[in-house]
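Me: I would like to learn how to read the nonpolar cores and salt bridges of a protein model. Could you take me through them?

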Amino acid sequence: MIFQFIGGAIKLVDITRNKKEILCNKKQIDIVETMLKKGRRYFGSSGASLTHQIKNPAYEEKGIDPLLAQAGLEGEHKTSRLLMKWMEDKPNVVLVDSVHLKNYGEEEFNEETGTFEGGDTDHVLIIGNFVIILDSKNWKSRRRYSINDNGEVLRGKSTFPGGKISTLRASKLWAEALKPHRATVSSIVNISAEKVEVTRDRNWWKQPYRLVTMEQLEEFLNDVWEKLPEQSKESINVNLVASIASNTIQPYDVFKEELGEVSELLNV
């Protein structure tokens with residue numbers, strides 16, 4: 001257990017460990033446990049997969065739009081900053097950015113964003129045994145978005161590239177992968193663009209995911225937080241965090257790419 005000062009009050013955080021090695025190994029669990037006990041609550045790197053698409057020459061011939069990719073990267077950064085701000089008075093909440101789950105699926109080119117999507121989960125919030133996966137979508141601003149009967153996102157009254165989100169499939173894969181931890185998985189699609197609106201009608205409520213704007217995200221997370229059992233707010237499951245944090249994507253490193261195998265010799 002550790003004590004942490006939050007807003008002038010002392011809160012007790014129970015950091016617990018079990019014998020389950022899921023999506024990770026014992027050494028990784030040991031490392032994560034040490035970091036958690038030192039107060040670390042953030043793992044990964046925001047927009048790591050997009051850094052590969054922006055900087056890696058291998059993507060140049062695949063039709064990547066660097067400007068759109070950069071906008072998407074900034075959108076993920078905005079979401080991460082909001083999430084970290086929201087976590088400040090919640091010492092048991094852990095955020096992991098840019099996670100690749102094995103068997104998640106192949107990346108597919110998205111005409112809307114000018115990038116490849118579907119290969120990773122942008123953000124993962126861990127609260128006790130409750131896991132929230134979040135996708136940041138840098139869709140067009142100054143638009144209204146809604147959901148049709150098939151669960152596809154509409155812009156105005158029309159479908160658009162990228163509206164067939166992979167969040168539902170991702171939620172099922174995460175739930176199956178984390179089943180040994182008895183984790184409860186839910187998902188959010190966050191539109192990071194400015195001045196957008198989302199219609200909350202019958203179709204919005206019946207979906208297994210929640211579509212929100214950047215302005216609504218904090219409010220929605222507060223509602224989730226209030227409904228969670230107190231026990232989930234007072235503990236950190238080391239093995240669950242390690243299972244997720246051990247599968248983060250590393251940002252593209254130009255220096256390592258240029259050095260090749262030499263970088264390993266230099267332990268860069």
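Predicted model: local features only at pLDDT ≥ 70, side-chain atom pairs only at ≥ 80, totals over all residues.

Me: Which residues have the most contacts inside the largest nonpolar core?

Reply: In soluble globular proteins, nonpolar side chains tend to be buried together. A nonpolar core here is a set of buried Ala, Val, Leu, Ile, Met, Phe, Trp, Tyr and Cys residues joined through side-chain atoms within 4.5 Å. Buried means under 20% relative accessible area, exposed over 50%, and partly exposed in between (1.4 Å probe, protein chains only). In this model the largest core has 34 residues, and L125, W139 and L211 have the most contacts inside it.

Me: Which elements give two or more residues to this core?

Reply: Helices (H or I, at least four residues) and strands (E, at least two) are DSSP runs, numbered from the N terminus. The contributors include α3 (66-87), β7 (121-127), β13 (209-213) and α6 (214-227). Helix α6 provides the largest share, six residues. There is also a second, separate core of 28 residues, with I15, V99, L178 and V185 among them.

Me: What is L211 in contact with?

Reply: Contact means heavy atoms within 4.5 Å. Leaving aside neighbours within four places in sequence, the partners of L211 include W139, Y145, V189, W204 and Q216.

Me: How many salt bridges are there?

Reply: Side chains of opposite charge can pair when their charged atoms come close. The rule asks for a side-chain nitrogen of Lys or Arg within 4 Å of a carboxyl oxygen of Asp or Glu, and the count comes to nine. In one of them, D30 pairs with R17, with the closest N and O atoms 2.7 Å apart. D30 lies in helix α1 (residues 26-37) and R17 in the loop between β2 (9-16) and α1, so the pair ties together parts 13 residues apart in sequence. Both belong to a network of salt bridges that links R17, K26, D30, E33 and K37.

Me: And where do R144 and E197 lie?

Reply: Their side chains meet in a salt bridge (2.1 Å, N to O). R144 is in strand β9 and E197 in strand β12 (residues 197-198), 53 residues apart.

Me: Is K233 buried or exposed?

Reply: K233 is buried, with a relative accessible area of 14%, and its side chain meets that of E230 in a salt bridge (3.4 Å, N to O).

Note on methods. Residues numbered from 1 in each chain as written. Heavy atoms only, no water.
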